[in-house]
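Let's take a walk through this model together, starting with the overall layout and then moving to single residues.

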Amino acid sequence: MNKEDQEIIDRSESIAIKYLKDTYGLNDVVITGRQMQPKMAMSWVTFYGYVSQHEDQSFNVSINYKENQTESFSFSPELEKALIANGYDPYQLND
């Protein structure tokens, strides 16, 4: 991986973590994987992970690195239940 791609991934990961924290109150998450889409196809980096100490509460979040914003958020049924129980609407994509 070249330096430019690594900088994109690092910046996008910070955006993803901030999104999860600010939008859903998920202050402690573990990122388990990163996937950068081919640049000619789309400008996204997708992060896979889970809520710390709750591996069943998994998610993936895609960041548009050209716009520096969240494009999509997917989650396990267990995370959906936890978000709703804490008063969050997991189906509303906020930035």
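Helices here are DSSP runs of H or I with at least four residues, strands are runs of E with at least two, and both are numbered from the N terminus. Along the principal axes, the C-alpha atoms fill a box of roughly 40 × 25 × 20 Å.

A word on the ground rules: this is a predicted model, in which local features need pLDDT of at least 70 and side-chain atom pairs count only at pLDDT 80 or more, while totals for chains, interfaces and linings use all residues. Residues are numbered from 1 along each chain as its sequence is written, and side-chain values use heavy atoms, with hydrogens and water left out.

Now step inside. Of the 95 residues, 39% count as buried, where buried means under 20% relative accessible area, exposed means over 50%, and partly exposed is in between (1.4 Å probe, protein chains only). In soluble globular proteins, nonpolar side chains tend to be buried together. Here the largest nonpolar core has 20 residues, and those with the most contacts inside it are Leu20, Leu26, Phe47, Phe59, Val61, Phe73 and Leu79. Two or more residues each come from α1 (3-24), β1 (29-36), β2 (44-51), β3 (54-64) and α2 (77-85), with α1 giving the most, 7 residues. Such a core is a set of buried Ala, Val, Leu, Ile, Met, Phe, Trp, Tyr and Cys residues joined through side-chain atoms within 4.5 Å.

Setting aside neighbours within four places in sequence, Leu20 is in contact (heavy atoms within 4.5 Å) with Gly25, Leu26, Val29, Phe59 and Phe73. Across the protein, residues 24 or more positions apart account for 35% of the contacts with a separation of 6 or more.

Is Glu13 buried or exposed? Glu13 sits in helix α1 and is buried, with a relative accessible area of 16%. Beyond its neighbours within four places in sequence, Glu13 is in contact with Ile31, Arg34 and Phe47. Glu80, in helix α2, counts as partly exposed at 22% relative accessibility. Not counting residues up to four places away in sequence, Glu80 touches Phe75, Pro90 and Tyr91. The C-alpha atoms of Glu80 and Gln57, which are 23 residues apart along the chain, are separated by 7.9 Å.

Let's finish with the backbone. Most residues other than glycine have a negative phi. At 75% relative accessibility, Gln53 counts as exposed. Asn68, in the loop between β3 and β4 (69-75), also has a positive phi, near 55 degrees. Asn68 counts as partly exposed, at 39% relative accessibility.
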